[in-house]
Amino acid sequence: MNKQEKFSIIVAGGSGSRMSSTTPKQFIEIGGKPILMHTLEAFRRYDAQLEIILVLPATEQTFWENLVNEHSFDVPHQIVEGGASRFSSVKNGLGAIPDDSQGLVAIHDGVRPFVSSEMIGRSFDMASKHGNAIAAVALKESIRRTTGESSLHVSRTGYKLIQTPQTFAIAEIKSAFKQEEKENFTDDASVLEANGGQIHLYEGDYRNIKITTPDDLIWAEAFLAQANQ
């Protein structure tokens with residue numbers, strides 16, 4: 001069997017609103033460089049031959065290019081213009097992959113910089129066998145379902161927290177993204193599932209956090225400091 005082509009789509013279209021910052025969160029620095037650079041480096045460490053597609057809003061591309069020059073950032077990547085929603089941004093990223101590709105694509109949040117090579121590898125391995133691989137971790141805390149002013153305890157046993165990367169056979173995920181966008185498309189797995197796909201989960205990593213709040217930044221700096229000791 002020929003080696004499958006591998007792509008990654010890094011989606012970086014968030015704002016800094018929950019950070020109380022005017023700087024989009026993917027460009028906030030941790031460990032001396034933007035979060036987004038750490039994310040791209042994580043995928044480069046996994047495979048230097050991996051084709052990386054970075055989806056950015058048009059209004060932020062010049063800013064990113066200036067950061068690349070400022071930090072002498074040398075991870076090769078292709079920039080694709082983002083859309084008005086995450087769905088449309090991923091769809092634009094998929095459009096940069098040739099339609100005749102029979103390979104795999106890992107779709108990842110730009111503000112999850114601590115994804116490990118092992119986790120990325122697990123996602124590609126499972127997707128090569130089952131057509132998709134969705135990162136998930138068990139809930140650690142108790143949960144309740146709320147209805148109006150009342151609430152009801154729900155067992156956490158039957159629930160998972162979903163992460164990225166979410167990795168797919170390219171032909172299947174491209175087909176799924178031909179659907180009209182729906183409100184319940186909260187991630188790429190939900191898009192595939194709505195198109196008839198059966199979802200396959202693999203073990204994520206609690207360290208693979210999505211940096212969205214000031215508290216997350218504190219954790220991220222502490223993690224980097226520990227890793228550099």
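**Notebook: strand 6 and the cores**

I looked up Ile107 and found it opposite Gln166 in strand 10. Strands here are DSSP E runs of at least two residues, and helices are H or I runs of at least four, numbered from the N terminus. The model is predicted, so I note that local features need pLDDT of at least 70, side-chain atom pairs count only at pLDDT 80 or more, and totals for chains, interfaces and linings use all residues. Residues are numbered from 1 along each chain as its sequence is written, and side-chain values use heavy atoms, without hydrogens or water.

Next I checked the neighbours of strand 6. Strand 10 (residues 160-169) runs antiparallel to strand 6, with four bridges. Strand 1 (residues 6-11) pairs with strand 6 in the parallel sense over six bridges. Pairing takes at least two DSSP bridges between two strands. I noted Leu104 as the bridge partner of Lys6.

Is strand 6 buried or exposed? Six of its six residues are buried, so strand 6 is largely enclosed by the rest of the structure. Buried means under 20% relative accessible area (1.4 Å probe, protein chains only). I find Leu104, Ala106 and His108 on one side, and Val105, Ile107 and Asp109 on the other.

Then I turned to the largest nonpolar core, which has 28 residues. Such a core joins buried Ala, Val, Leu, Ile, Met, Phe, Trp, Tyr and Cys residues through side-chain atoms within 4.5 Å. Leu36, Leu40, Phe43, Leu54 and Trp64 touch the most other members. Helix 1 gives the largest share, five residues.

I followed Phe43. Its contacts (heavy atoms within 4.5 Å), not counting residues up to four places away in sequence, include Ala106 and His108.

Definitions and conventions
Buried means under 20% relative accessible area, exposed over 50%, partly exposed in between (1.4 Å probe, protein chains only).
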